[in-house]
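Here are some remarks for a colleague who is meeting this structure for the first time. They are set out as numbered points, to be read alongside the sequence and the coordinates.

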Amino acid sequence: MQGLITNINSTKYIVKTKDGFVDAIVKGIFRKEKMSPLVGDIVDLDEENRISKIYERKNFLTRPNIANVDIALIVTSVKKPDLDLVLLDKLLVHVICNHVMPVICFSKIDLLDKDEIANYKKIKKYYESLGFKVLDNTDIANFKKIAKDKIVVCCGQTGAGKSTFINKIDKNLNLETNPISESLNRGVHTTRYVSLYEIGNFMLADTPGFSALDITNFTKEEVRDAFPEFKDSNCKYKDCMHINTDGCLVQEKVGKDILASRYDNYQRFIKEINESSSKLFK
Ligand SMILES: Nc1nc2c(ncn2[C@@H]2O[C@H](COP(=O)(O)OP(=O)(O)OP(=O)(O)O)[C@@H](O)[C@H]2O)c(=O)[nH]1
Ligand SMILES: [Mg+2]
Ligand SMILES: [Zn+2]
C-alpha cells in the first residue's frame, strides 16, 4: 500500500494512506543503503506496515529535514529574535539551490516602532524587487492563495513564530508555542519534530527552528547564482564571481541598487565555502 509520511518521531512513522493514517516502522534495508525516510516521502508499506520502498524524491531539504515540498515559507522575525538577514539570505540560498520555491514571511511587525517600520518596508521592497514573494504573518488570505494545491514547509529561526503562524491558518491544530528567552533573545526550540498537516486545499509542515545553517555543500557558482540581483546587474565579465574584480558591475552597484547586507552575506558564504574546502579532514 502506498502512502505519504506525515510525521516521524524517532522510530515511529505516521503514514497517510487511502485507508487513513497508519503507524509504520522502517525495514532494515534503508539502514544499509544509508537512506532514511523523511516526512514528505511517498512510500510503500508491506503487510506488516513496514516501509519497504521510498519513491524517488523531487527534492529535499536538510534544514528542516523534509522531502517533496513545493514551497519553503521562510519565517523571519523582525524583532524578538532580532531580524537576522544572514540567516534569511542563507536560507534563500539553501532553498533555491535545492530547487524549492522560497516565500519570505516576516513576523512580529507589531513590535516595531514608526522609524523601524519605515526601514522594514524598505527591506521588504528590496526582496520583492528580486522577484521573491514576500508576506507578513498577518497576510493569511494571501498565504492561502499562494499555498493552494501545494506542499509548504515553514522553516526558520527558533522563536520566529512558525507554529504560531500555522495555528492562525488552522485554529484546530493548537500547536505548542512558547515565548522566547528574554535573556538570550532567542527561541527555546519548542517544536521538536517535522509534522505535515493537511489544511483545506494545501499541506503545511511545522518544523523545529534553528539558528545556524551550513551551505558549504554547494559550489561557489551555485551560491552566486542564487542571488538574482547579480544576474540583473549584467556584469560584463563572463563567469565573474563579483569579488575583488576591477570593473565588475555588481561591485559598483553595492550600496546603490544592491542592498549592502546582501553583498556582505554573499562574500561571507563564499568565504565559508573556501574555508570548508581547505579543511583536509571533514
Ligand atoms: N508580538 C508577536 N509575537 C509573536 C508573533 N508571532 C509569534 N509570536 C510569539 O513568538 C513566540 C515564539 O513563537 P513560536 O510559534 O513558538 O515560534 P517557532 O518559530 O514555532 O519556534 P520553534 O518551535 O522553537 O522553532 C511566542 O510567544 C509567540 O506568541 C507576532 O507576529 N507578534
Ligand atoms: Mg514551533
Ligand atoms: Zn562581476
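**Notes on the model**

1. The protein chain is divided into three parts, namely domain 1 (2-56), domain 2 (61-206) and domain 3 (220-277). Please keep in mind throughout that this is a predicted model, and that the values quoted below are computed from it.

2. Between domain 1 and domain 2, the centres, taken over C-alpha atoms, are separated by 27 Å. The two domains do touch, with eight residues of domain 1 in contact with 11 residues of domain 2. On the side of domain 1 that touches domain 2, the residues divide into three nonpolar, four polar and one charged.

3. The surroundings of the ligand come next. Ligand 1 is surrounded by 22 residues, and the closest of these are Gly161, Thr164, Thr177, Thr191 and Gly209. Helix 5, which covers residues 162-169, gives the most to this shell, contributing three residues. By class, the shell around ligand 1 holds five nonpolar, 14 polar and three charged residues.

4. A pair of helices deserves a look in the viewer. The axes of helix 2 (residues 85-97) and helix 9 (residues 260-277) come within 10 Å of each other and cross at roughly 65°. Since angles of 65 to 115 degrees count as roughly perpendicular, helix 2 and helix 9 are therefore described as roughly perpendicular to each other. The crossing of these two helices is right-handed.

5. How is the contact between helix 2 and helix 9 made up, residue by residue? On the side of helix 2 it is made by Leu85, Val86, Asp89, Lys90 and Val93, while helix 9 supplies Ser261, Arg262, Asn265, Arg268 and Phe269. Sorted by class, the contact of helix 2 with helix 9 has four nonpolar, two polar and four charged residues.

6. Most residues other than glycine have a negative phi, and most peptide bonds are trans. Against that background, the peptide bond from Arg63 to Pro64 is cis, with omega near -5°, and Pro64 is found in the loop between strand 6 (60-61) and strand 7 (66-67). The peptide bond from Lys80 to Pro81 is likewise cis, with omega near -5°, and Pro81 has its place in the loop that runs between strand 8 (71-77) and helix 2.

7. The last point concerns Asn49, a residue other than glycine whose phi has a positive value, near 55°. Asn49 lies in the loop between strand 4 (42-45) and strand 5 (50-54).

Conventions
Residues numbered from 1 in each chain as written. Chains lettered and ligands numbered in written order. Predicted model: local features only at pLDDT ≥ 70, side-chain atom pairs only at ≥ 80, totals over all residues. Domains from an automatic or database assignment. Contact = placed C-beta atoms within 7 Å. Nonpolar A, V, L, I, M, F, W, Y, C, P; charged D, E, K, R; others polar. Near = placed C-beta within 6 Å. Helix = DSSP H or I, 4+ residues; strand = E, 2+ residues; numbered from the N terminus. Axes fitted to C-alpha atoms, helices over the stretch in contact; angles between N-to-C directions. Parallel < 35°, antiparallel > 145°, perpendicular 65-115°, else oblique. Left-handed = near helix turned anticlockwise from the far one by under 90°.
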